[in-house]
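I opened my notebook to follow a few contacts through this one. Here is what I looked up, entry by entry.

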Amino acid sequence: MNAIFKDHEADSHERTKWWASRIAIYSALLIWTVICLFPIFWTITTSFKLAPDVMKGNLIPWVDFTPRWKGWESIGISPRLIGEISTVREEFLKRFWNSTIVALSASALAVVLGSLAAYGLSRFNYRFGFMRNSDISFFFLSQMILPPVVLALPFLVLYKSLALLDSRIGLILLYTLMVLPIVIWIMRDQFQGIPVELEEAALVDGLGIWGAFLQIVLPIALPGMVAAFILSLVLCWNEYFFAALLTATNATTLPVMVASQTGSQGINWWSMAALSSAAILPLVVVAIFLEKYIIKGMAAGAVK
Amino acid sequence: MSSEGDLLHTVTADDISDGRKRLGKAMVWGSATLVAVLALWQMAFETGRVAAGFDTWRPILYAYILWAIALCAAQVIVNGEKGKRTLFVLPAALFVISLVVFPLLFALYISFTDWNLASPNGPQPNGWDNMREMWNDGFYWNALKNMMYYVLAVSVEYVIAFGLALLLNAQIRARKFFRVVFLLPLMLSPVAVSWMIGKSMLEVRFGPISRVIREFGGEPSFFGTPEIARFMIMAMDAWTFIPFMMIMLLAGLQALPKEILEASRVDGASGWQSFKEVIFPLMLPVSVTAVVIRIIFKLKLADIIINVTSGGPGGATDSVTSFIFREYRDRSNVGYGTLLAMVYLVLIVIFITLLLKLVSRWMERPA
């Protein structure tokens, strides 16, 4: 009965234990926060440094060093250059634009194809030859273990003969293929959570199966689709392997541009840092504002 | 195995006329014939039997797309309501089959040729030569051995990720802030990470980590010796992917039934006891899913290695993917590279199947 009364002798021990656990939890959290944030902080601050700042190891802007736009000028983005015509900026924006188009279209295509397939598999019985629903699902999901390197060389040859090498369409097709199993995995989970009575009611009211899907189920499943879309977006934006093999000049994406400049280390850290920051910033912004959806997407399927 | 979740049952009475059926079949076969004729024509043109032809195979691609559309449309025309149901799955299935199965068959063919993009001869079948070369290729076996180390590193990642998930699940303030921050590394492209950490923070002269080590009187060298270089690659990869497992485990923790946890506390279990006896066993299914998916991603590891060490020192950090990438990039050795990739695929399929079998057998046994 003692533990109920907070001012009792025996309770002070409990309280120190409570404080100890608090301190342990928060210090662990803070340590990991530093581990997560320091590389990002380092990259962004380095993009505003000059050579002496890099060599002296100055860390904190305005205290250790004065931020300069030199790094950003090397990709043509700074207050001074913003009004002028700059070839480096054009080059950078071209890559940026390629990345954006490829990632957005591949994710959109994957979400459309994947949602349809996931809906079908969660609602109807299929028989394609010997394959039933579980086999078809397994066929789609098993694509996840396919390592990109197996497809890379055949695609290189295939795209060469189709004149799709170094084109955005080629990349979009491959990226769609790459994220499709993940989208199907997330969406199947979403659709299974929607009670089938909703569609039954809609069918009774005279809608067809496609009508019921588009008008009733789709609006409910929209958050799940957004989650799948964002997760695909992240994967496509960061993809490097296929882009490095299958593009040369026209369709190269940002990761390829970053990678092509990592060789020149040492002297122009600030421009590399600016380029890296520009490559990661869009997704950092996405993570901050759409964190809920990313977590929802990854949690789907983990918890049955 | 016919019932998976709620199934929607529809009863339809379709009355499809013979004319409609014939039309649908004609569409499919007509467009298929078009594809076949164009493909044969183009093949004849490339081998020099016909004078006129297309510059590229692009028109055959268009014909193929036309066939795919005709096949989808014919489903509805021939089968009515049943076809409309098929239409949900068919586009995705066609997409995957045409982008995976055909290239894989093609890959199987090139992997038994001596194709080198630099040589003018084109592919010449060379039987088992590639296989023999692979058998004697120490670097490939070395890369496979490295993959084993990389996969084993997942266990450490799992422990850290579980710890972080428990932290985020505890009674803390600013939970959303910490969750966003912990998620951030996953958003970063491995290529950017390899510059941010591998090439600048771990830089021997000016990198901040080297500075710290020098403060303590050490001599920083991160990619000089095989063991440390491999560990650094593992650490960078772990840094980006720990959030992935963490989020899955966190979702699992949040879905645990509260009553059981409360019951264990009422019964007087300490924190460690309730973790060991209650939380961990209940989390096993989620853990297995997270670890298996993480291993699948790990087997594709390449970007960081290609950009930071390109396999060095002496192949100590090579993953299979990065090794084949260089085999192609530096030597244009398409035939041999593809064989290595195919062998890797077979090994992966065997490994994952065994893993899943093992896991499912182990999960069925009472803990």
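I began with a side-chain pair: Glu199(A) and Tyr119(A) are joined by a polar contact of 2.6 Å. For that term I used N or O atoms within 3.5 Å, one able to donate a hydrogen and the other to accept it within protein, with residues adjacent in sequence counted only if both atoms are side-chain atoms. I was working on a predicted model, where local features need pLDDT of at least 70, side-chain atom pairs count only at pLDDT 80 or more, and totals for chains, interfaces and linings use all residues. Side-chain values use heavy atoms, without hydrogens and water, residues are numbered from 1 along each chain as its sequence is written, and chains are lettered from A and ligands numbered from 1 in the order written.

Is Glu199(A) buried or exposed? I found Glu199(A) buried, at a relative accessible area of 0% (buried is under 20%, exposed over 50%, partly exposed in between; 1.4 Å probe, protein chains only).

Next I listed what Glu199(A) touches beyond four places in sequence, and Leu8(B) was among them, as was Arg123(A) (contact means heavy atoms within 4.5 Å).

I then turned to the two chains: 105 residues of chain A are in contact with 102 residues of chain B. I noted two salt bridges between chain A and chain B, taking a side-chain nitrogen of Lys or Arg within 4 Å of a carboxyl oxygen of Asp or Glu. Glu291(A) and Lys176(B) meet in a salt bridge, 3.2 Å from N to O.
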